[in-house]
Amino acid sequence: MSSIPPTRPFAELHVHLRGTISHAVAMSLAQRYGVTSSDIATNKEFTFGGFDDFLHKYHLVGELVRGAQDYALVCHSYLARVARSNTRYVELMVSPDHALDAGVTYAELLRALEPAIRDCEAKYGIACRLIVTAVRHRGPEAAEALARLVVATASTLVVGFGMCGNERVNTPSAFRSAFSLARQGGLKTTCHVGELCDAAHIREALDVLQVDRLGHAIRSVGDDGLLREIASRKIVVEVCPTSNVRLGLVASFNVHPVFQMLAAGVKVSVNTDDPAFMATTMEDEFANLRAAGMTEEFVAECVGNGWLGAFDPAAAKAAQSRLPPP
Ligand SMILES: [Zn+2]
């Protein structure tokens, strides 16, 4: 009997490629490069205590990805794995700045990822598109240079431009020109905002960066005017409940802001963020939300918003009806 729950298929909008590196893949890379760090993982899973320790471990594992072939391995392994669940469409965030740290250019990164993505779509029916993310703490100039590069480089798989990184460094409005370039270049935009910092940053992302979606934005709760604005603009928000709870940003699923966001009419989508590190899946996310009291009506709405918010609606529509591989 299948373990897949009888639900609609999932579209996931917020997942970082570096956060998909499974324990097994991390160990194989560590072996390849002669890295023997018990810091990386113990007991076949990643463990961490709080946000700073998470960033430390995340960095250690990310540093194991050293060549274009490693990016292809990580991407293929993740898509093959997630395709066996009920996820049919994924928007994967990639950071060319981190790749370049490892000596992999943006062109090489795309040449590595594109065959992996095409192969998984052909073999497993899962569609994957890419969101190129700038790193906030690397500053506005780096983000602008990245936006120019992405717009100048043709790729049918790259559909969006986003930003992750340390929210405490640089306000969103400092990145106005990077986001403007991306938008004018035909890319959709999203931004990590309001995960740690307050509602003022969320307003900047909406009004100055003019993003199409918001990443996290859980700090919108408590500002009723902002919640109304997000709802009335029909902005899809990428909420990552397990990530918030495991990083200690939210005390428990029971008190997660997602419930107030939904009650305010916000178009919430549910996502795994860094599934390997958070030891979560889309099925787990919804199981935890149901256990915390989410109604089936809201579950269906969140699942639907994942599809609604897709930056490549045609690819999403085509993938939605495909069945998982046997
Ligand atoms: Zn994220």
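A residue is buried if 20 or more other C-beta atoms lie within 10 Å of its own, exposed if 12 or fewer, and partly exposed in between, with C-beta atoms placed from the backbone. The model is predicted: local features need pLDDT of at least 70, side-chain atom pairs count only at pLDDT 80 or more, and totals for chains, interfaces and linings use all residues. Residues are numbered from 1 along each chain as its sequence is written.

**Exercise 1.** Work out which way the residues of strand β7 point.

*Solution.* Strands are DSSP E runs of at least two residues, and helices are H or I runs of at least four, numbered from the N terminus. β7 covers residues 236-239. V236 and E238 point one way. V237 and V239 point the other way. All are buried. In a regular strand, side chains alternate between the two faces of the sheet.

**Exercise 2.** Find the strands that pair with β7.

*Solution.* Pairing requires at least two DSSP bridges between two strands. Take β6 (residues 213-216): three bridges join it to β7, and the two run parallel. Here G215 stands opposite E238. Next take β8 (residues 267-270): it pairs with β7 in the parallel sense over four bridges. Here V236 stands opposite K267.

**Exercise 3.** Classify the packing of helices α6 and α7.

*Solution.* α6 spans residues 140-152 and α7 residues 176-184. Their axes, lines fitted to C-alpha atoms over the stretch in contact, lie 8 Å apart at an angle of about 10°. Angles run from 0 to 180 degrees between N-to-C directions. Under 35 degrees counts as roughly parallel, over 145 as roughly antiparallel, 65 to 115 as roughly perpendicular, and the rest as oblique. Therefore α6 and α7 are roughly parallel.
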